[in-house]
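Subject: Structure handover

Dear colleague,

Please find the structure below, with notes on what was found in it. The notes begin with one term and then go through the chain, its sheets and a few residues.

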Amino acid sequence: MSWTKVLAADALSPGAREVVKVGNRKILLLNHESQLYAVDNNCPHLKLPLKSGKITESGAIVCTFHRSAFDLRTGEVQGWCAWPPGVGKVLSLVSQPKTLPVFPIRVEEGNIWVDVQEE
């Protein structure tokens, strides 16, 4: 395990998002409903950024480009390439459903730490 200090905890207020770089990865930090999450900032479908993704009531982040949805806690696929209608089915053939990498996160001494394994 490789815990890395990435951000001051008070820099990620409720509802805030921040992308940080850890090694070769861009990690999206989210403070959603007072819970901190750390996920890969790249959608597993076409590697497009997730920073602007909508958070659903069920706690999933939805890619703004093709509307693939991933559970913030586990990274499990909740929907794969739902957009655009009709074309989404073709796009889903480009890449089979893959989970979104999620990373352990903790707050210690006023800082956010993330455990990221290098690829």
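A residue counts as buried under 20% relative accessible area, as exposed over 50%, and as partly exposed in between, with a 1.4 Å probe and protein chains only. Asp71 counts as buried because its relative accessibility is 7%.

On the source: this is a predicted model, in which local features need pLDDT of at least 70 and side-chain atom pairs count only at pLDDT 80 or more, while totals for chains, interfaces and linings use all residues. Residues are numbered from 1 along each chain as its sequence is written, and side-chain values use heavy atoms, with hydrogens and water left out.

The chain as a whole

The protein chain holds one helix and 10 strands. Helices (H or I, at least four residues) and strands (E, at least two) are DSSP runs, numbered from the N terminus. Along the sequence the pattern reads β-β-β-β-β-β-β-β-α-β-β. Of the 119 residues in the protein chain, 42% are buried. Contact means heavy atoms within 4.5 Å. Among the contacts in the protein chain with a separation of 6 or more, 43% come from residues 24 or more positions apart.

Strands of a sheet pair through backbone hydrogen bonds, either parallel or antiparallel. Here two strands pair if DSSP finds at least two bridges between them. Six antiparallel bridges join S2 and strand S3 (residues 25-32). Lys21 has Lys26 in S3 as its bridge partner.

The sheet S1-S10-S9

Another open sheet of three strands runs in the order S1-S10-S9, and its pairing is antiparallel. Its edge strands, strand S1 (3-8) and strand S9 (105-108), each pair on one side only. Neighbouring strands are turned by 35 degrees against each other on average, direction ignored. S9 pairs with strand S10 (residues 111-115) in the antiparallel sense, over four bridges. Opposite Glu108 stands Asn111 in S10.

Rings and charges

A charge sits over a ring if NZ of Lys or CZ of Arg is within 6 Å of the ring centre and within 35 degrees of the ring normal. Arg106 lies over the face of Trp3, at 4.2 Å from the ring centre, and also over the face of Trp113, at 5.5 Å from the ring centre. How many aromatic pairs does the structure hold? There are zero, where rings of Phe, Tyr and Trp (its six-membered ring) pair if their centres lie within 6.5 Å, and planes under 30 degrees apart count as stacked, over 60 as edge-to-face and the rest as tilted.

Individual residues

The contact lists below leave out neighbours up to four places away in sequence. A polar contact is a pair of N or O atoms within 3.5 Å; within protein, one must be able to donate a hydrogen and the other to accept it, and residues adjacent in sequence count only if both atoms are side-chain atoms.

- Asp71 is part of strand S7 (residues 69-71). A polar atom of the Asp71 side chain lies 3.0 Å from the backbone nitrogen of Thr74. Asp71 also touches Gly59, Ala60, Glu76, Gln78 and Val102.
- Asn41 sits in the loop between strand S4 (35-40) and strand S5 (54-55). Asn41 counts as buried because its relative accessibility is 6%. Its side chain reaches the backbone nitrogen of Lys51 at 3.1 Å. Residues that Asn41 touches include Val19, Leu28, Leu48 and Pro49.
- Ile61 belongs to strand S6 (residues 60-62). Its relative accessibility is 0%, so Ile61 counts as buried. The contacts of Ile61 include Arg17, Leu30, Ile55, Phe70 and Leu100. Between the C-alpha atoms of Ile61 and Val77, 16 residues apart along the chain, the separation is 9.9 Å.
- Thr99 lies in the loop between helix H1 (87-94) and S9. The C-alpha atoms of Thr99 and Phe70 are separated by 7.2 Å, with the two residues 29 apart along the chain. Thr99 touches Pro44, Gly75, Glu76 and Val77.

Regards

Key: Axes fitted to C-alpha atoms, helices over the stretch in contact; angles between N-to-C directions.
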